[in-house]
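Hi,

Here is the structure I promised to send over. Have a look at it first, and then read on for what turned up when I went through it.

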Amino acid sequence: MLATAIIMFREVLEAALIIAIVLGASRGIVGRGRWVATGIGLGLVGASIVAILAAEISSAFSGNGQAILDAGILLSAVAMLTWHNVWMSAHGRQLAAELSAVGADVQTGKRPLAALLVITLVAVMREGSEAVLFLWAIAAGGGHNSNMVMGGVGGVAAGVLVGFLLYRGLLRIPVRHFFSITSWLILLLAAGLAAQAAGFLNQAGLLPALGNTVWNTSHILSQSSLFGQFLHILVGYVARPSGIQLVFYVGTLMTILLLMRSKGGVRMARVGADEGTAKNL
Amino acid sequence: MLFRFMLVTGLIGAFALSSPAQAADSLPVLVIHGQQFEPGELALPAGTKLKLVIRNQDSLPAEFESSDLSREVIVPANGEVTIYVGPLEPGRYQFFNDFNRAMQGTVVAKGN
């Protein structure tokens, strides 16, 4: 039972942490709850479909279907996190200002609600499909499975609880620093997911490894330990990274930072111009 | 946009670098049977990119996972998958079944 609980906990953890960060980062955006909930619902449906079609997906693309699907899912999440962060770099200050005023909402710009939906959808779908397959396997295994089902449910609950605690923790950050901290969290999350995608594309033989072990810190912090897995999800920690994973990590980090700078810069310039006009009047 | 660009350049690079396909019958095979990996210690040549077949003969799905090899793949019940591995430095690489962590094995990469 405990073994089952731990496996389910690990499967659920990634989705729970991603959703917690995204929910935190989108604080103050009206309608986010509904969009995130829809994302979770669609994600569960998607997870079940992927689990049912597991055999077909595996044999697609000459046995590389799964890795290609995983890479596609991860890269779409990276794109959506990028959109979210770039939008926040233009509107975060305004959101923070309005958060201080009770009940205010932000109506400017194209709100990244679809991004919230896609991020939660893919996070739930990716990890959920493995969870569904696993539960299916123990259900089919028979024997002492009521114990195992209880373990599975316990594991899911524990994963959701950790996500909830992270979300509550984020909300304790003072509004002044809130959005710059969540921006950094999303930035590192996106870079880590991009590196994972690079790993899958390499696994499918579509990208060269550029060196399989650039460094090896397994003896300091194993990636399969719980803390190692935490860092893997949150900041993309890899104990034994390949060259291509580093390229994707740094490339994603730089790209998002540059996009945020350029958007944030435009806004600052406009504010400056407005102030100039005001002074002239 | 940049990601798409990165992906496309990466793909072009990959095709330029990928080694010629090996004959299917000479591929190394890792079998999952009776909730065990066979062989538990799989010898592979170091320094070359190769295809590895993972064949699941059990009626339970498995998830072959290795942070040492940075590989993660579901192997359906009574199914098989093919993954690329390497080029590896000589050494030992742990792997396990994420659906049954008691199931473990090691890839041993040896130089020629």
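Start with A:Ala197: leaving out residues up to four places away in sequence, it touches A:Ala71, A:Leu74, A:Leu75, A:Val78 and A:Phe248. Bear in mind that all of this comes from a predicted model. A:Ala197 is also one of the residues with the most contacts inside the largest nonpolar core, along with A:Ala77, A:Ile119 and A:Ala194. That core has 103 residues, and helix α1 of chain A (residues 2–25) gives the most to it, with 16 residues.

Of its 281 residues, 47% count as buried. If you take the contacts in chain A between residues at least 6 apart in sequence, 83% of them join residues at least 24 apart.

Back to α1(A), then. How does this helix pack with α8(A) (residues 226–235)? The angle is about 35 degrees and the axes are 10 Å apart, with a right-handed crossing. From α1(A), the contact uses A:Arg10, A:Leu13, A:Glu14 and A:Leu17, while α8(A) brings A:Gln229, A:Ile233 and A:Leu234. Sorted by class, that makes 4 nonpolar, 1 polar and 2 charged residues.

Another helix to look at is α3(A), residues 54–63, where the buried residues are A:Ala54, A:Ile57, A:Ser58 and A:Gly63. Looking down the axis of α3(A), you'll see these buried residues fall within an arc of 115 degrees, so they line one face of the helix.

One backbone detail in chain A: A:Leu210 has phi near 55 degrees, a positive value in a residue that isn't glycine. A:Leu210 sits in the loop between α7 (175–203) and α8 of chain A.

Now for chain B. On the interface, 29 residues of chain B are in contact with 35 residues of chain A. The elements of chain B that give two or more residues to this side are α1 (2–17), β6 (71–75) and β7 (80–85). Which of them gives the most? That is α1(B), with 8 residues. By class, the chain B side divides into 17 nonpolar, 8 polar and 4 charged residues.

Between β6 and β7 of chain B there is a loop that holds B:Asn78. Its phi is positive, about 50 degrees, although B:Asn78 is not a glycine. With 13 C-beta neighbours inside 10 Å, B:Asn78 counts as partly exposed.

The bond from B:Glu38 to B:Pro39 is cis, with omega near -5 degrees, and B:Pro39 lies in the loop between β2 (37–38) and β3 (41–45). The bond from B:Gly86 to B:Pro87 is cis as well, with omega near 5 degrees. You'll find B:Pro87 in the loop between β7 and β8 (91–97) of chain B.

Over to you!

Terms used: Residues are numbered from 1 along each chain as its sequence is written. Chains are lettered from A and ligands numbered from 1 in the order in which they are written. This is a predicted model: local features need pLDDT of at least 70, side-chain atom pairs count only at pLDDT 80 or more; totals for chains, interfaces and linings use all residues. Two residues are in contact if their C-beta atoms, placed from the backbone, lie within 7 Å. Helices (H or I, at least four residues) and strands (E, at least two) are DSSP runs, numbered from the N terminus. Ala, Val, Leu, Ile, Met, Phe, Trp, Tyr, Cys and Pro count as nonpolar, Asp, Glu, Lys and Arg as charged, and the others, Gly among them, as polar. A nonpolar core is a set of buried Ala, Val, Leu, Ile, Met, Phe, Trp, Tyr and Cys residues joined through C-beta atoms within 7 Å. A residue is buried if 20 or more other C-beta atoms lie within 10 Å of its own, exposed if 12 or fewer, and partly exposed in between; C-beta atoms are placed from the backbone. Axes are lines fitted to C-alpha atoms, for helices over the stretch in contact, and angles run from 0 to 180 degrees between N-to-C directions. A crossing is left-handed if the near helix is turned anticlockwise from the far one by less than a right angle, and right-handed if clockwise. The arc is that of the directions from the helix axis to the C-beta atoms.
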